[in-house]
Amino acid sequence: MLELRNVSKTVAGEYHIRPTDLTLKRGTLNVLLGPTLAGKTSLMRLMAGLDKPTEGTVHFDGADVTGMPVQKRNVAMVYQQFINYPALSVYENIASPMRIAGKDAGTIDREVKKAAELLKLTPYLDRTPLNLSGGQQQRTALARAIVKNANLVLLDEPLANLDYKLREELREELPKIFAASGAIFVYATTEPSEALLLGGNTAALHEGAVTQFGRTVDVYRRPADLVTAEIFADPPLNTIALTRSGHAFLIEGEPVIPVPAHLASIADGPVTLAFQPHHLFLHAANGHTTPLKARTLVSEIAGSESFIHLDFAGRRWVMLAHGIHDIEQDREIVVHLDSRHLMAFNQSTGKALVATPLAA
Amino acid sequence: MEKTWNNKAWFLVLPVLLLVAFSAVIPLMTVVNYSVQDTFGNNQFFWAGTDWFVEILTSPRFWDALWRNLIFSAVILAIEVPLGILIALNMPKHGLGVPVCLVLMALPLLIPWNVVGTIWQVFGRVDIGLLGYFLNSLGISYNYTQNPTHAWATVIVMDVWHWTSLVVLLCYAGLVSIPDAYYQAARIDGASRWSVFRYIQLPKMKRVLLIAVLLRFMDSFMIYTEPFVVTGGGPGNSTTFLSIDLVKMAIGQFDLGPAAAMSIIYFLIILLLSWVFYTVMTQSDAEQK
């Protein structure tokens, strides 16, 4: 069990990591989700012991390891760049952590072959990393992390530099590969979809602070505040500020959206509503949608989906529509919002007012 | 579409052609011309065939100078390359120390060769030189104008002082291009300082080291100005390297034929050794692939 107790990191008087409490259990996969510069790497460095926290303590299995140097902590780390020893063969690269640990030749050989088999590197054991593809180089780095049998495995955007196809493939395999070892996994990513695919737990990060930590689906479905909801949305979250009055949400006194059942408990007054782009539809699909008039801006077609940018009462929204829709610009259209998925936040604090009851 | 030839393009290439012709091809051909003929002035030439080449290759004077030059280059490389790497490894990578170190390192490289020679010539003098006087007052009878060993030591120390910076700067450039994540990964692995050097830094510096070795070899094999200024090739012939010998032969004795033949042999030796260095060093790279 890895515990960060009130850990913070300041560099030149500026917070890189704000005071943070976080407990990661053995055998779990933990995603650090946040945009670039949110502090994912800084937090990982603190976990690993590459950096010393400015304040607070780090505990592993109850023991205080705050000042312990990284090489004594049995940590493995994989980076966005493909980091391997350039002059050594793949075999020697995988063997390197065990050689340093002073294991005997038989064990090393067995472990290297096992890891190579697992990561499909067997045919390339004699090559040097520079003569491998990006995916194979990263597999080599992953194999090094596996044979180390570390207590804590840190993966810092390990798939970001790989092409789409390889990324899908490795992402699927990663949880399986590491599942058996019983270590703590920490996986940093900027992509909400990656967090959802990996499952496990997610810590959402924003400007050096953990805004929420919990099961990935819980964080996704019930964000504690607007910032977390925004981190967990790609394309960006749609928001609108309005006022609740009785059975409807009003804009400038005009009722726009009827209050759905799950938001019935919130008080009258100003509120910020938010929803994911895929909860907006071109056609009324079920009995829970509210028609809204919006003006079309741009539509982008990405594979089998379309991102349709809209202007609704001066707010920019995005609709994620299935299929290819080539919609004319600057036209009034009616879009349909599934109000069961609306999230409501306090307008001044950004805190969630009620949990959304429905599955996303 | 039919290809059209535009002969005007030759005018654009002409300046370069002329430059290369006058700076390289014509002088080289003149040397070849001299090396196979004999002349007594008045623009009168007599065919000499390979006589001059035979004369040079059978003269002990040439072999002695060649041998001295090889030893000199070997010693220079053996000192400057490891020393350069060592200094580069210990140079700061961040902060104010970086520009300070870089300027300090670049200083010797900015001084003209003959000035370097003069500095050391004066520096080492027994009567007024700081180094010479100091060593002698310590009881070491140092005198580079009389003792061949002292002359050699002076020339080598001078070259190390002058040119190690080049190796340092090249290695430093190689070192700073290594991403920080490599060092982090090594730290996490618990790799020793030596392992980091042997398995990360050295392989990453390989290309710049090749350039450093080639440049230092070629330059040290062609060294002329500094030993000429400091020792004039003496005492005796002890620091007469190939180029000094060549100048003596061509300008001092006015033996144009043998000097031309020696120039060509000299040129071919440098070409051959550079090729060997290059092949050996890139070969080990290819083997890994």
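Which residue of β14(A) is the bridge partner of A:T239? In this predicted model, local features require pLDDT of at least 70 and side-chain atom pairs count only at pLDDT 80 or more, whereas totals for chains, interfaces and linings use all residues. Residues are numbered from 1 along each chain as its sequence is written, and chains are lettered from A, and ligands numbered from 1, in the order in which they are written.

The bridge partner of A:T239 in β14(A) is A:A274. Helices (H or I, at least four residues) and strands (E, at least two) are DSSP runs numbered from the N terminus; two strands pair if DSSP finds at least two bridges between them. Strand β11 (residues 238–245) of chain A runs antiparallel to strand β14 (residues 269–275) of chain A, and 7 bridges join the two. β14(A) also pairs, in the antiparallel sense and over 3 bridges, with strand β20 (residues 343–345) of chain A. There, A:A344 in β20(A) stands opposite A:L273.

Chain A is divided into domain 1 (2–231) and domain 2 (238–354), with bounds that come from an automatic or database domain assignment. The C-alpha centres of these domains lie 37 Å apart. Contact (C-beta atoms, placed from the backbone, within 7 Å) links 6 residues of domain 1 of chain A with 7 residues of domain 2 of chain A.

Between the chains, 19 residues of chain A are in contact with 16 residues of chain B. On the side of chain A that touches chain B, the elements giving two or more residues are β6 (75–78) and α2 (90–101) of chain A.

Notes: Two residues are in contact if their C-beta atoms, placed from the backbone, lie within 7 Å.
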